[in-house]
Amino acid sequence: MSRVLPDSSRARHAAVLVLFGVLDSAPASAPASGPARTPGQGNGHVGRDLDVLLLRRAATLGSHPGQIAFPGGRLEAADAGPIAAALREAVEETGLDPHGLEPLGTLPALAVPVSNHLVTPVPAWWTRPSQVAAIDHDETVDVFRMPVADLLDPANRVSTTHTYGNRSYRAPAFTVDGKLVWGFTAIVLSRMFEELRWATPWDRDRVVEPDS
C-alpha cells in the first residue's frame, strides 16, 4: 500500500525489534555479516532452527488490534534512539533479557499511514535466548517464535488487500499454522527476505482477507 504519511509534520516516531534466533539450548553466535546466513542463502534454503520473535496485539487496542507484530513502540524522550526504544519496548512487552541479544543497526524507517507513524526496524541477533511471555495482557496476548523457513515456504505466502482512503492496495503476507502475518510486519519481513536473497517465487495472486 501507499507508504506516504497523511501529515508527516505530526508523525509519531516508533521502533520495532526484528529479533532472529536459533531454537536450541546452547548460546548462538551471529556471523560477522549478519544474522543466520546459511550455505543455502540465495536459493531459499534456510535452517529449520532459525526463527523470529513475534507477538499478537490485544484485540482491545485502538491501533492494529489483534494483529501479529514485532515487539516495539513509540520513542520516548528518555530513549537514546530507535535501538534503545525497540529494546525497552521489547523488554516491557515480552520480558526478554536485553543482555542476551546483539542489535545489528537499523533499517530505513517505514511509514504506517493508518496510524501516522514512522517506524524504524531494528534487526538483532539472539546470542543467548531467554524466556519470553506476554507481560501486559492489555497490550499483548501472546508471544512466540516463528520459524523463518515456514515464512519462506511458498505455500505459506499470500497477499492481502487493504483499503486506505478511497484506494485499495495489495501487500505481501504470510499464513503459518493458522496465524496470518500481514501489514507492516509482513512488509518488513518480505523486504528483508528479498534483500537477503532468501525468498523463493510464490503466488502473489493468492489473496487472503485479514480479520481486522
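**Figure 1. D51 is a buried residue in a predicted model.** D51 has a relative accessible area of 0%, in a structure that is predicted. That value is under 20%, so D51 counts as buried. The side chain of D51 meets the side chain of R145 in a salt bridge. The N to O distance is 3.1 Å. D51 belongs to strand 2, residues 50-57. R145 belongs to strand 8, residues 140-147. A search of the whole structure finds eight salt bridges.

**Figure 2. R88 and E76 form a salt bridge.** Their side chains meet at 3.5 Å, N to O. R88 sits in helix 1, residues 82-94. E76 sits in the loop between strand 4 (72-74) and helix 1. The two are 12 residues apart. How accessible is R88? Its relative accessibility is 17%, so R88 counts as buried. E76 has 46% relative accessibility and counts as partly exposed.

**Figure 3. D205 and R170 form a salt bridge.** The closest N and O atoms are 3.3 Å apart. D205 lies in the segment after helix 3. R170 lies in strand 10, residues 167-176. The pair therefore ties together parts that are 35 residues apart in sequence. D205 counts as exposed, at 63% relative accessibility. R170 is partly exposed, with a relative accessible area of 46%. Elsewhere, salt bridges that share partners build one network from E76, D79, R88, E89 and E92.

**Figure 4. Strand 10 pairs with strand 11.** The pairing is antiparallel and runs over three bridges. Strand 11 covers residues 179-181. Which residue of strand 11 stands opposite T175? L180 does.

**Figure 5. V208 lies in the segment after helix 3.** V208 has a relative accessible area of 25%, so V208 is partly exposed. Which residues does V208 touch, not counting residues up to four places away in sequence? They are V158, S159, T160, T161 and L180. L180 is also the residue opposite T175 in the strand pair. The C-alpha atoms of V208 and T175 are separated by 8.8 Å. Along the chain, V208 and T175 are 33 residues apart.

**Figure 6. Helix 3 is mostly covered.** This helix spans residues 183-195. Of its 13 residues, 10 are buried. Among them are G183, F184, I187, V188, L189 and F193. R197 follows helix 3 and has a positive phi, near 60°.

**Figure 7. T120 is a buried residue of strand 7.** Strand 7 covers residues 117-126. T120 has a relative accessible area of 12%, so T120 is buried. What is in contact with T120, leaving aside its neighbours within four places in sequence? The contacts include A14, A15 and V16. P82, T106, L107 and A109 are in contact with T120 too. In a regular strand, side chains alternate between the two faces of the sheet.

Notes
Residues are numbered from 1 along each chain as its sequence is written. This is a predicted model: local features need pLDDT of at least 70, side-chain atom pairs count only at pLDDT 80 or more; totals for chains, interfaces and linings use all residues. Side-chain values use heavy atoms; hydrogens and water are left out. Helices (H or I, at least four residues) and strands (E, at least two) are DSSP runs, numbered from the N terminus. Buried means under 20% relative accessible area, exposed over 50%, partly exposed in between (1.4 Å probe, protein chains only). Contact means heavy atoms within 4.5 Å. A salt bridge is a side-chain nitrogen of Lys or Arg within 4 Å of a carboxyl oxygen of Asp or Glu. Two strands pair if DSSP finds at least two bridges between them.
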